[in-house]
Amino acid sequence: MKREQFSSSLGFVLAAAGSAVGIGNLVAFPVMASKNGGAAFLIMYAFFVFFICLPVMLAEMSLGRHTRQNPLGAYTEIGQNRAWRTVGWMSVITPFMIGVFYLVITVWIFGYLAKSIMGQLNELAGPDSFGVFINSNELFVYMVVVIGLTFLILQGGVKQGIEKASRILMPMLFIMLIALVIYVMTLDNAMLGVKFFLIPEFDKLTGKVLNGALAQAFFSLSLAMGILITYGSYIQKNNNIVHAGKMVAGLSVLVACCSGLLILPAVFSFNPDIQLSTLSESSISMIFTFLPKIFLAMQADIGYFGASFIAGFFFLLVFFAALTSLVSIIEVPVASLMDGKGVSRRTALYSLGAVMILLSVISALSFGRVEMFSNLLSYGGVNKSFFDLVYDIFYETILPLNGFLLCLFVIYRWKKHNLDAEISQGNSTFAGSLLQKYVNFSLGTFIPLILAVIFVNTVSTIFFGKNLLF
Ligand code: PHE
């Protein structure tokens, strides 16, 4: 069977940007930036995106396009041994498990969208509404809708599903984001937020902050999850990988910036005297607890209906971003099953979907509803739920490990000249360029080194309660 392909380079860029732009850019980034030096954080973040993440991105895309395989197939074909095949397995299981927790968060977002539209904004802004909501039965109704939409997109395949959805959702997302930025700029005291975001405070950039910025950049570009290997396997040979990679990275940074210009002015117009250090670190509490209060407060100016409209608009924006990310992450195991077992897309989707739904339901029940899942085990001196466990193992720990192994694999197993040859197809100026030298050098030296250090420190911090670096 001929492998499916994106119809053009733009098709790939939109799909990959759909994967990259998610809750990370829209919420986690503004929260982190505001607490950690504003524009100084932004500068470091952009630096990491282009100097550390972009080479990894190009490596993943090339590996996918060269092998025309999912990550497991790619590692198996080139690795030629058990050890690399195991790494291939890790690159398929990781996105699957990250998909589990990302699905749960997407369901929450969809629930908030539905409730805003149904006129329940005042309920959402209540003090313990989030805790009540995540343990409610209606959650499962929202879960059915989100899973249904995700499957509908994936069922359509690469061109008619993933690419088509991205072609519709991504431009809408950009327009909605800009419209919201323009709207919040008109609010009282909005400029205080802009100032806060754009004035750099370099002394806030501690080692810990830089580590956070790098982790955020890495996650935000969907690296080390096998996504870009899989999407890369659908890129046409004459498309320019470097150009596409830069576009995706650029769009992701741009959306993160715009989101800073949306969230911070909104926060300051709500409370001009706010001490940002009092805001919680977590993007979850920002999006589900704090923002609904801000939206509700807008009713003083635009009425309850207007405030609900803005809230619904915002949650729709985040929902689009999350949906395209969710699609990309589930496509990895789906493609692996299709390639590996020769089954149809539908069979792959339904069999994996069944397991995923089961695990997502368990995650959703692990916020106090079912004691066994909520207090599953304890490590590093903290009690952890099933959701925490999936998050800690796959997102925090295995992601940097996968990135580290990918760099070693591409440079020392697949070899530099093969990487160069693949990137050069569709890009006649790459060979001999400064970029080529940088990509080869960085992927073989300091990028894997940094990722290895992060990996070791994360294991020590999370599982043994001891941070070795900061
Ligand atoms: N890039 C996404 C974000 O910023 C992260 C992600 C991508 C998560 C794909 C899951 C799947 O939120």
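Q: How many aromatic pairs does the structure hold?
A: This predicted model holds 39 aromatic pairs; rings of Phe, Tyr and Trp (its six-membered ring) pair if their centres lie within 6.5 Å, and planes under 30 degrees apart count as stacked, over 60 as edge-to-face and the rest as tilted. As a predicted model, its local features need pLDDT of at least 70 and side-chain atom pairs pLDDT 80 or more, while totals for chains, interfaces and linings use all residues. Residues are numbered from 1 along each chain as its sequence is written, and side-chain values use heavy atoms, without hydrogens and water.
Q: What about phenylalanine 29 and phenylalanine 41, how are their planes set?
A: Their planes are at 50° and their ring centres 5.9 Å apart, so the pair is tilted. Phenylalanine 29 sits in helix H2 and phenylalanine 41 in helix H3, 12 residues apart; helices are DSSP runs (H or I, at least four residues), numbered from the N terminus.
Q: Is phenylalanine 29 buried or exposed?
A: Buried, with a relative accessible area of 0%. Buried means under 20% relative accessible area, exposed over 50%, partly exposed in between (1.4 Å probe, protein chains only).
Q: Switching to H10, which residues are buried there?
A: Ala190, Gly193, Val194 and Phe197. They fall within an arc of 100° seen down the axis of H10, so they line one face of the helix; the arc is that of the directions from the helix axis to the C-beta atoms.
Q: And the ligand, which backbone atom lies 2.6 Å from a nitrogen atom of the ligand?
A: A backbone N or O atom of alanine 20. Taken alone the ligand exposes 320 Å², and the protein buries 100% of that (Shrake-Rupley method, 1.4 Å probe).

How values were computed:
Helices (H or I, at least four residues) and strands (E, at least two) are DSSP runs, numbered from the N terminus. A polar contact is a pair of N or O atoms within 3.5 Å; within protein, one must be able to donate a hydrogen and the other to accept it, and residues adjacent in sequence count only if both atoms are side-chain atoms.
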